[in-house]
Amino acid sequence: MSDLKFKGYAIHDTNKWTDFKVIDFAPKRVEDFDVDVEIQYCGVCGSDLHTVSGGWGQPMLPVIPGHEIVGIVKHVGPKVTEFKIGDRVGVGAQIGACLDCANCKNDNENYCANGPIDTYNAKYPNGDIAYGGYSAAIRAHEKFVFPIPDAIESEVAGPLFCAGLTVFSPLVRYGIGPGTTVGIVGMGGLGHMAVQFARALGADKVVLFSHSDRKKEDAFKLGATDFVATKVGADVFKPWAFSLDLIVSTMNVAEGFPLTELLGCLKVNKSLITVGLPNDPLPGIMAASFTKNGVTMGSSHIGSKKEALEMLKLAAEKNVRPIVQVLPMSKAGEALQAVENGDVRYRYVLKADL
Ligand SMILES: [Zn+2]
Ligand SMILES: [Zn+2]
């Protein structure tokens with residue numbers, strides 16, 4: 001066995017969600033397909049904030065968040081075939097699945113019928129608790145470990161495994177490529193990846209819908225072809241009526257979600273997919289808002305291993321990179337506060353320091 005230290009930064013009280021304390025924890029009991037990873041970096045995802053602050057409900061406490069993990073393989077189980085000691089790898093938002101149901105067997109393990117196991121604030125079927133990446137080490141089944149291409153630097157790789165995969169999966173599943181026009185709502189951690197992946201996949205046009213025009217310049221730099229500041233009012237959507245092949249919404253707050261206006265921008269029978277998961281219900285909407293162009297609304301849950309490997313290859317080839325600000329892991333509370341304040345350009349990454 002390796003001599004990894006399983007300790008991490010934990011929250012003990014959802015009312016004190018910036019008050020991280022270092023704890024020792026027991027990783028999942030070791031199994032034959034497990035890989036032990038010494039963590040170097042972990043991205044700070046909106047999910048971390050929703051979880052530690054209780055926005056998505058009461059978490060299991062203490063909770064160690066973090067699911068945009070980058071590290072080095074330090075130990076592999078006897079049945080591991082994909083990795084060897086010393087490999088540079090990532091772990092994302094899912095750490096387990098039954099790997100036996102029809103969904104798992106069809107590259108849909110992110111929709112495992114027996115419940116995907118989240119990387120933190122989750123329990124394995126045997127009762128072991130999953131702790132996340134604001135820590136020194138993590139143990140994971142090799143299915144949920146991703147090889148990092150040489151071209152992608154460790155410091156920026158983490159956000160690909162949640163933010164990147166979460167937007168890549170719907171773009172691919174809804175057929176984005178040459179000849180298509182994509183709308184992206186929100187220019188945060190997910191949105192700034194979605195713009196880049198839409199272009200990397202070959203979309204002709206990427207229209208970024210953002211509340212104000214503060215991030216307009218950055219959006220164009222990342223590949224957006226058009227920018228719509230939505231706070232101006234409902235009229236700004238009109239030029240885009242019947243224009244978009246897909247909308248991926250990363251909006252994380254329900255209040256002010258211009259749902260009817262966005263749906264009106266879709267071509268006939270196309271879809272709006274929300275990967276943002278606000279704490280509150282989405283605004284009420286008339287069924288008639290879907291009839292004008294016969295559109296559909298839905299969601300998406302991270303992505304599969306197969307998609308993750310495709311995403312990493314494309315990111316390496318087309319230079320898709322998260323824009324990150326790096327802080328020591330001991331400043332996790334500061335990073336989460338910045339996420340709460342909407343004050344991140346465009347992803348915090350914590351550098352391991354335990
Ligand atoms: Zn995430
Ligand atoms: Zn399954």
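View 1. Cysteine 162 is buried, at a relative accessible area of 6% (buried means under 20% relative accessible area, exposed over 50%, partly exposed in between, with a 1.4 Å probe and protein chains only). The model is predicted, so local features need pLDDT of at least 70 and side-chain atom pairs count only at pLDDT 80 or more, while totals for chains, interfaces and linings use all residues. Residues are numbered from 1 along each chain as its sequence is written, chains are lettered from A and ligands numbered from 1 in the order in which they are written, and side-chain values use heavy atoms, with hydrogens and water left out. The zinc ion (ligand 1) is coordinated by Cys45 (SG), His67 (NE2) and Cys162 (SG), at 1.9 to 2.1 Å. Donors are N, O and S atoms within 2.8 Å of the metal (3.2 Å for Na, K and Ca); water is not among the atoms, so sites may look incomplete. Along the chain, the donors of the zinc ion (ligand 1) have the spacing C-x21-H-x94-C. Histidine 67 lies in the loop between α1 (46-52) and β4 (69-76) and cysteine 162 in helix α3 (residues 154-173), so the pair ties together parts that are 95 residues apart in sequence. Helices (H or I, at least four residues) and strands (E, at least two) are DSSP runs, numbered from the N terminus. Histidine 67 is buried, with a relative accessible area of 6%.

**View 2. Two cis peptide bonds.** Leucine 61 is joined to proline 62 by a cis peptide bond with omega near -5°. Proline 62 sits in the loop between α1 and β4. The peptide bond between arginine 345 and tyrosine 346 is cis, with omega about -5°. Tyrosine 346 is in the loop between α8 (332-340) and β19 (347-351).

View 3. Phenylalanine 242, in the loop between β14 (226-229) and β15 (244-249), has phi near 55°. This phenylalanine 242 is partly exposed, at 42% relative accessibility. Isoleucine 302 has phi near 40° and lies in the loop between β17 (296-299) and α7 (305-318). Isoleucine 302 is buried, with a relative accessible area of 7%.

**View 4. An open sheet of six strands.** The strand order is β14-β13-β12-β15-β16-β17, with parallel pairing; two strands pair if DSSP finds at least two bridges between them. β14 and β17 are at the edges with a single partner strand each, so one side of each is left without a neighbour in the sheet. Strand β16 (residues 266-274) is joined to β17 by four bridges, and the two run parallel. Threonine 274 stands opposite serine 299 in β17.
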